[in-house]
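Hi,

Here is the structure I said I'd pass on.

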Amino acid sequence: MSRVYFTCRRCGQHAHALDDRLGLEGLVSPHAQRLICVLGVDASFERCARHLRELAGLVVCDNTVREICDRQGGLMRTWQREDPEAARPFRAAAGDLEFQTDGTCVNTTGGWREVRLSIFARRRRGDPVTDLDDWDEQRLPAPHVRVATAAIRTSDRLGPQWRGAAARLGVKRADDLTVLADGARWIWDEIEKNLPGAAGVLDFYHASEHLHAAAVALHGAGEAAEAWYQARRRTLLESGSSALLSELTAEPGDVSGLIGYIWPHVGHTPYRRRLAEGRSIGSGMVEGACKTAIGKRLKQTGARWKVRRLERMAALCCLSYSDQLDAYWKKAVG
């Protein structure tokens with residue numbers, strides 16, 4: 001498609017006449033930029049350019065795709081942080097408030113760095129689980145609204161960002177919020193400082209992994225280890241960490257490492273009550289997002305990112321994961 005190009009003989013300025021009215025910057029219209037970003041979330045820049053040519057007849061090079069994703073990712077990060085419209089659906093939604101955070105390492109030009117992903121979500125409750133023999137078959141409703149952010153941040157910088165995000169999203173009382181996370185000390189330290197009063201839940205599956213490792217260390221791989229593991233896991237599920245610690249302190253073998261892991265989370269193991277309320281006891285949402293929203297795109301074979309570009313691309317991925325792209329593009333195009 002050709003466009004008329006004008007040059008002023010008097011002043012020498014030149015332009016495509018309709019670019020401003022069409023919202024066109026450079027060679028790519030806003031709608032084409034949207035399409036590029038949607039495909040760029042899932043595929044490499046080179047593959048994205050090829051898909052655009054094959055599926056939409058849009059001919060752009062991989063460098064153009066990279067530039068547009070990079071630029072829009074930066075704008076998306078600002079929009080998510082500053083525009084009230086970005087938070088409106090979350091503020092209006094019902095359901096239990098959840099917060100989950102975890103990290104995944106991505107290869108950068110300066111070596112492997114941890115990208116920390118944080119998700120605020122609202123989730124409706126599922127069917128109550130009272131028979132603990134069937135608890136693992138529980139299927140909770142997926143969160144119906146979620147807002148994800150990701151960046152390379154130290155814990156002391158990330159924690160205050162959680163506090164700011166909670167305020168933007170209308171979380172007026174921290175005790176309305178449930179934090180589901182693994183046992184990483186930095187997470188719980190920052191929660192205590194920046195979201196004081198939030199209810200904490202130690203991810204049951206991570207706790208189970210530590211139990212299994214202790215069982216194998218005590219009894220070796222085999223039936224004895226499996227029996228020990230299943231018994232202690234049942235105690236944790238039914239009666240929480242206090243009951244488990246009582247059993248562990250009476251254990252003749254060395255379980256000091258497991259006790260050290262469980263002890264800080266005495267108040268974070270209300271598993272039986274939460275199951276009876278139809279609520280989650282695991283942080284699988286953020287772990288899945290680390291793999292699908294971040295890892296799938298940013299950890300492709302041979303990829304090495306500059307930190308600035310990595311964070312902008314992570315912002316684009318997070319907006320897609322959060323189902324916020326439509327709202328962003330309505331504002332950007334409008």
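To start with, which helix does R233 lie in? R233 belongs to helix α9, which covers residues 223–249; helices here are DSSP runs of H or I with at least four residues, strands are E runs of at least two, and both are numbered from the N terminus.

Before the rest, some housekeeping. This is a predicted model, with local features needing pLDDT of at least 70 and side-chain atom pairs counting only at pLDDT 80 or more, while totals for chains, interfaces and linings use all residues. Residues are numbered from 1 along each chain as its sequence is written, and side-chain values use heavy atoms, with hydrogens and water left out.

Back to R233. R233 is buried yet has no salt bridge, and the nearest side chain of opposite charge, D136, is 5.1 Å away. Buried means under 20% relative accessible area, exposed means over 50%, and partly exposed is in between (1.4 Å probe, protein chains only). For charges, Lys and Arg count as positive and Asp and Glu as negative, with His and the chain ends not counted. A salt bridge needs a side-chain nitrogen of Lys or Arg within 4 Å of a carboxyl oxygen of Asp or Glu. Leaving aside residues up to four places away in sequence, R233 touches W135, F204, S208 and L211, where contact means heavy atoms within 4.5 Å.

Now the strands. β3 (residues 96–108) and β4 (residues 111–123) run antiparallel and are joined by 13 bridges; two strands pair if DSSP finds at least two bridges between them. They form a hairpin with 2 residues between them, and T104 has V115 in β4 as its bridge partner. β4 is also joined to β5 (residues 145–151) by 7 bridges, again antiparallel. There, F120 has V147 in β5 as its bridge partner.

On to the cysteines. With a disulfide taken as a pair of cysteine sulfur atoms within 2.5 Å, the count comes to 0. C48 is in no disulfide, and the nearest cysteine sulfur, that of C69, is 5.9 Å away. C48 is buried, with a relative accessible area of 0%. What about C290, buried or exposed? C290 counts as buried because its relative accessibility is 6%. The closest cysteine sulfur to that of C290 is in C318, at 9.3 Å, so the two are too far apart for a bond.

- T269 sits in the loop between α10 (256–262) and α11 (271–276), and counts as buried at 9% relative accessibility. Its side chain reaches the backbone nitrogen of S241 at 2.9 Å. T269 also touches L236, G240 and S241, not counting residues up to four places away in sequence.
- A87 is in helix α5 (residues 84–92) and counts as buried, with 8% relative accessibility. The C-alpha atoms of A87 and R168 are separated by 6.6 Å, although the two residues are 81 residues apart along the chain. A87 touches R168 and L169, again leaving out residues up to four places away in sequence.
- D323 has a positive phi of about 55° although it is not a glycine. D323 is in the loop between α13 (307–321) and α14 (325–333), and at 63% relative accessibility D323 counts as exposed.

Cheers

Terms used:
A polar contact is a pair of N or O atoms within 3.5 Å; within protein, one must be able to donate a hydrogen and the other to accept it, and residues adjacent in sequence count only if both atoms are side-chain atoms.
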